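Dear colleague,

Please find below the structure I wished to pass on to you. My notes on it follow directly after.

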Amino acid sequence: MNRFAALCFVLLLTLSSGAFAWRLIRIPALTDSDFTSIASMGYDIASGNRGQGFVDIMIEDRFVEETIQRFPHAKVLPEEWAQPVNDQSRNEFGYYYGPNENNAFWASLAAGSDLVDTPVTFAQSYQNRDIYHVRISNADPDAPVILFNSLIHGREPGGNSAIIDFAQWLTSEYGSDTMATFILDNAQVYFVPMVNIDAYYHNLPSGGPNHRKNMNFTTPVSSSGIDLNRNWGYMWGYDNIGSSPDPYSETYRGSAAFSEPETAAMRDLINELMPLGGFNYHTYGGYLLYPWGYNNQPTPDQATFQSWGAQMANPIGYQYGRSGQILYNVNGEACDWEYGQHGMLFFTPEVDDNGFWGSQNDTTLIVTNNLECRFMNKLLCMNLLGSVGIEAEEHAGVEEGVTPSVHVIANPVTSVLSFTVQGFGSPDISVLDLSGRVVARVSDSGSWAVPSEIANGIYHIVARENGASASRAFTVLR
């Protein structure tokens, strides 16, 4: 198919009515040129994996046969991956939290815990719905902020499930889990559950339109909405590959940077809170992405992004890297603006769901996804707060001119703590929890096998001799 014919074909698809059902089709893409070729046709690319060699596209079911003829080795994915098909009388989106269920959850969480503030409306959406945030903390009002948000795309409920799970874990485990306690005692954790709240409501009817963009269909001309994750100000409109000038494209960037009330609201909130960093949740694919998205080049903080990405992604089997390494280049994207404007360390997790809606009838998969994301959420908070891999205070030496020290090798710890002790003769070495309770005595052998009964959390290894001491914080995270 020549480029003109392909673009006409895609235009026909995007102009079609929302009354049709949708399907995801997985197309083999074994080389970079295959991937680029499919992307250049203007399809709504839902996900893809260069390493595994496939691209998933979203298409109306009436065009499935024609698409299969064009790509004979393509596979049609299950219907529930592509759109809500559950019994709407049971729940809004099956086992996902729908918009009204979100409202009820966050209000209930605030009513049941002194750690949780009542949801605060900070802006109005295009259709004048409340966009709200929820703060969870036991720290001072000037404590650093960590920000989690989801549903900037209206068809990605798996990310919303992940932040709901994390909010539940923080509040229920505070006081018993050392990490939950440390995070809330030292940070203000903010959640924006539904950035693109209009589209999430729009998707409610059974077999609904599966809408990704916002609901501004009017500017600059009649369109199908604006992709809010192409509407941010840093490198907005850098090229027509990472975003589109076509009002009918699923990556349409809008008429100007921050033209939409939803992205302007998030910009203003971030400018006000100045978070250390956070997660902008999306689905699907099992990735952890970081800047630069607009040109697939490393940032000045590439080493930090890569190191933290490996810590968070490798244990749960997620791929990590820049968007252009795993998927495709993007511009006008949230993480690029957060880092480019403020130097904030934001990542984009793409939850490893089955398509966009594939867990609507499968609680097992949602629980698995949430646990994997909870692992990443905890470690991100610990990294941002400086308790993982950051040196702790050292105290006076045993001998004049000698500075004793304890160094932890490889943090966080899954099974064996490796460490070195310097500047002491024969010190007593202990492991303490955050309350100062000794949980283990350690021989000066350079390693400590963490007993199975030691819970995940933050600990300190402390060496003492003749009134001098040195310590390091480390995290047990299995």
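Ser-137 counts as buried, because its relative accessibility is 6% and the cut-off for that class is under 20%. In this predicted model, Ser-137 sits in the loop that joins strand E6 (130-136) and strand E7 (145-149). The side chain of Ser-137 reaches the backbone oxygen of Ala-187 at 2.8 Å. Leaving out residues up to four places away in sequence, Ser-137 touches Leu-115, Leu-184, Ala-187 and Gln-188.

I then turned to the nonpolar cores. The largest nonpolar core comprises 91 residues, and within it Phe-148 and Phe-191 touch the most other members. Helix H13 (residues 363-385) gives the most to this core, namely 10 residues. Apart from this core lies another, of 18 residues, which include Val-413, Ile-454, Phe-474 and Val-476. In soluble globular proteins, nonpolar side chains tend to be buried together.

Which residues does Phe-148 contact, beyond its neighbours within four places in sequence? Phe-148 is in contact with Ile-163, Phe-166, Val-189, Tyr-190, Phe-191, Val-192, Phe-279, Tyr-281, Asn-377, Leu-380 and Cys-381.

Finally, a word on confidence. The protein chain has a mean pLDDT of 87, and 90% of its residues reach 70 or more. Over residues 1-18, however, pLDDT stays under 50, and the model has 29 contacts beyond four places in sequence for them.

With kind regards

Methods. Residues numbered from 1 in each chain as written. Predicted model: local features only at pLDDT ≥ 70, side-chain atom pairs only at ≥ 80, totals over all residues. Heavy atoms only, no water. Core = buried A, V, L, I, M, F, W, Y, C linked by side-chain atoms within 4.5 Å. Buried < 20%, exposed > 50% of the residue type's maximum accessible area, 1.4 Å probe, protein only. Helix = DSSP H or I, 4+ residues; strand = E, 2+ residues; numbered from the N terminus. Contact = heavy atoms within 4.5 Å. Polar contact = N/O pair within 3.5 Å; in protein donor to acceptor, adjacent residues only side chain to side chain. pLDDT = per-residue confidence, 0-100.
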